[in-house]
Amino acid sequence: MDTDGTHGAHGAYDTPDPDATRAAPGPAQVPRPAGPPPPLPKDLPGATGPRTPLSPPRPAHAPGGGPTLADWLRTPRRPGGPGLWTYGHVPRAAAAPELTPLRQLISGALISLLAGLLLWSLLWNGYLGGFWLWPLYAFTPDAWNHDSFSVVAAYVWYGLVILALTIGFGRLGRWPELLRRIVRSPAARAVHPVAPARIEPGSAEDPVGWQQLRAAGLGESAERLAADIDAGRMNDVDYARIRRAWESVRADPSRLRAFTEAVQAKGAGACVHPSGARDLPVRAARHDLLARQVLLGTVEDGARNPYPRRGTSLALDPAVLGTSLLAVGPSGTGKTRRLVRPVVESLALQALAGQAAVIVVAAVGAQLGPDAAYDVVVRIGDPASAYDLDLYGGTTDPDEAATLLADAFVGDVAGLDVRRAATALAQLLGPFRAAHGRFPAVPELRELLDRMPAPLAALRARLESAGQHAMLRELDARERQHGVHADPGPALADRVALLDRPAFAPFFDVGAGDSPGRPFSLRSLEHPVRVRIDLPERGHADASRMLARLLLAQFTAAATLRSDRSLFAFLAFDDASHTLTQETVRGVQRLRSANAGVLLTLRTLDDVPEPLRTPLLGAVGCRMAFSGVTTWDGKRFAEAWGTEWVETRDVTSRTVFADQPLTRAIHAFRKLVTGKAVTTDAVTVRQVERERWSASDLAHSVPPGHAVLSLTSVDGERAAPLLVSLLG
């Protein structure tokens with residue numbers, strides 16, 4: 001929701017601080033009390049514990065001032081292209097107006113002023129005759145000739161003549177334009193346009209009145225919700241959640257009775273998220289849940305940006321995140337604080353409204369919000385973690401599980417065929433599942449890959465006793481391939497050994513032992529979950545990268561296999577270094593049609609294998625280059641953004657040689673005074689094709705706290721690379 005400042009215990013419109021506990025921009029936000037977060041509800045996928053009670057009612061205004069929920073809802077939102085912050089947006093002209101130079105305006109105004117004074121002097125002193133006094137004589141009675149009325153009438157006429165001269169010469173000298181240029185600059189007019197007209201209360205378009213419910217015959221429910229808005233008991237998340245629930249009722253009328261009963265009984269607390277939460281404990285960015293947008297920054301008002309977007313606010317929403325986003329920038333440029341956290345926070349709010357499912361993967365200690373802002377927090381390697389990670393992604397198909405594991409384990413190994421690795425894993429996973437009814441745990445999988453005699457003999461015996469002859473043939477095929485040229489078995493065993501460490505012993509449970517918590521599976525993307533997965537990058541860097549590859553592979557598979565794609569599924573990586581493989585890059589391309597997307601941040605494109613850099617830039621629809629990128633990375637972005645036709649003006653100066661003696665003397669005197677020869681200029685205007693942003697410009701011309709961002713929506717609408725200020 002949009003206001004012009006921060007909230008909570010701070011004054012309005014302070015710079016948002018990610019680490020400060022404050023409520024969100026917009027109406028009716030209060031911070032939650034400090035202390036440990038309540039347990040998660042049992043009915044949320046991947047969560048256990050009693051239901052959290054509903055949060056208390058919100059006040060009518062945000063602390064420190066701000067619009068009410070009703071005012072926020074009635075503010076119009078005008079679309080204007082991908083990435084445009086639509087809240088209260090006023091469109092600008094398509095092209096910059098032709099502005100006369102200020103010096104020319106001043107000289108023209110002075111000349112017209114002098115001309116007007118000269119004409120008035122000639123009229124007043126009678127040099128032009130008395131014709132200009134004829135209307136005065138014609139419309140004044142003769143009885144006024146010797147009366148005071150004649151004096152008054154004369155001065156009134158003089159004033160009218162002066163006013164006519166002022167208007168005429170003022171328009172001739174463009175005095176109004178000069179006054180506007182001096183009092184208020186064009187840049188100020190562009191950045192601070194006239195406020196848009198609000199939606200009239202009680203009109204058919206008034207969102208406060210819940211007209212769609214009234215049109216469906218639910219007048220009592222509409223009155224209850226409108227009363228909660230007026231009383232300040234509803235916030236932006238409540239409104240978005242109930243509107244989403246009503247959309248589901250329109251799609252499935254069998255839910256109408258349950259919806260009506262919930263609204264009449266609970267009002268703003270109806271259809272609440274399974275966690276019971278109605279807001280996040282902390283908001284670090286400005287959100288507009290009605291448009292599903294989060295504000296990132298402001299488009300610079302400079303010549304590098306298209307004129308209609310200069311000075312406008314830039315935001316991200318599922319329409320552009322659905323094409324996936326790649327952000328590249330060195331450490332310390334604010335990728336986490338200015339991009340990852342606002343995006344994850346926005347989608348977490350949308351998850352509370354039943355519109356999205358979000359998963360964020362980061363290193364331990366990343367500033368991505370408190371644990372209470374998530375339904376599931378998986379801390380790999382931490383014995384106190386309340387949740388575990390399903391190594392097989394919730395699948396029961398050995399071939400699918402083998403494909404995902406092979407891509408994660410050896411997808412980054414040059415010269416190793418991932419398909420052969422997947423076949424080798426399937427030849428072990430299938431027989432093991434047929435014998436035990438589950439997939440092997442990490443130690444068991446390592447023993448099978450290392451060809452330990454005892455585990456293989458026990459597995460063969462169970463298969464023989466169960467009559468699984470097809471699975472016995474799979475084991476025999478694995479034994480024949482062992483030790484041959486390009487056998488992926490040893491490489492797979494080495495990678496599995498990275499997970500078979502004491503720190504990971506309680507994790508990746510498959511039902512064969514004790515687990516620190518309930519395993520979380522990415523098959524839960526059909527539910528509005530908020531998940532954070534912390535990876536131990538400091539002590540187990542290789543294992544963390546392998547798990548990141550596994551999570552990306554599982555997400556691309558689970559998102560495309562969902563039967564219900566009404567929720568927007570999103571996966572964010574705070575650091576995607578050494579995470580991408582050939583198969584996952586292909587998977588990212590398929591997410592656009594599955595109502596899903598990913599956010600990948602990199603310190604440099606060198607963290608991606610050379611053959612995948614160009615396909616990666618082509619697979620994502622949104623590309624972001626932070627300040628400080630190298631010229632090598634800038635070259636890749638410049639190639640991806642292509643060229644455009646621009647108009648150039650070439651000026652050629654030519655020395656003038658005079659033939660006449662008098663002219664030569666004048667030219668010599670002018671050269672003596674100015675020190676320059678007399679020249680004439682020849683101007684050539686032509687259209688040339690140039691890069692939108694060159695590698696050198698990206699490396700050296702982007703100021704600190706800025707980034708160059710190009711956007712593409714899922715509908716194919718594009719926004720040219722924009723120089724954006726992310727400083728708030």
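**Close-up views of the predicted model**

**View 1. Ile-533 and the largest nonpolar core.** When residues up to four places away in sequence are left out, Ile-533 touches Ile-359, Val-360, Val-361, Ala-362, Val-378, Ile-380, Leu-389 and Leu-551, where contact means heavy atoms within 4.5 Å. Ile-533 is also listed with Ile-380, Phe-409, Phe-508 and Phe-555 as the residues that touch the most other members of the largest nonpolar core, which has 93 residues. A nonpolar core is a set of buried Ala, Val, Leu, Ile, Met, Phe, Trp, Tyr and Cys residues joined through side-chain atoms within 4.5 Å; buried stands for under 20% relative accessible area, exposed for over 50% and partly exposed for values in between, with a 1.4 Å probe and protein chains only. Helix α19 (residues 541-560) gives the most to this core, with ten residues. Another core, of 46 residues, lies apart from it and includes Val-299, Ala-327, Val-343 and Leu-726.

The model is predicted, so that local features need pLDDT of at least 70 and side-chain atom pairs count only at pLDDT 80 or more, while totals for chains, interfaces and linings use all residues. Residues are numbered from 1 along each chain as its sequence is written, and side-chain values use heavy atoms, with hydrogens and water left out.

**View 2. Helix α4 and its surroundings.** Helix α4 (residues 148-172) has 25 residues and reaches 36 Å from its first C-alpha to its last, close to the 36 Å expected at 1.5 Å a residue, the expected span being 1.5 Å times one less than the number of residues. Helices (H or I, at least four residues) and strands (E, at least two) are DSSP runs, numbered from the N terminus. The buried residues of α4 are Ala-153, Ala-154, Tyr-158, Val-161, Leu-165, Phe-169 and Gly-170, and their cover includes α2 (102-124), α3 (134-139) and α5 (175-183). Arg-174, which follows α4, has a positive phi near 55°.

**View 3. Asp-650 in strand β13.** Asp-650 is found in strand β13 (residues 643-655) and, because its relative accessibility is 30%, counts as partly exposed. Leaving aside neighbours within four places in sequence, Asp-650 is in contact with Ala-682, Val-683, Thr-684 and Arg-686. The C-alpha atoms of Asp-650 and Ala-682 are separated by 8.0 Å, although these residues are 32 residues apart along the chain.

**View 4. Confidence along the chain.** The mean pLDDT of the protein chain is 84, and 87% of its residues reach 70 or more, pLDDT being the predictor's confidence in each residue, from 0 to 100.
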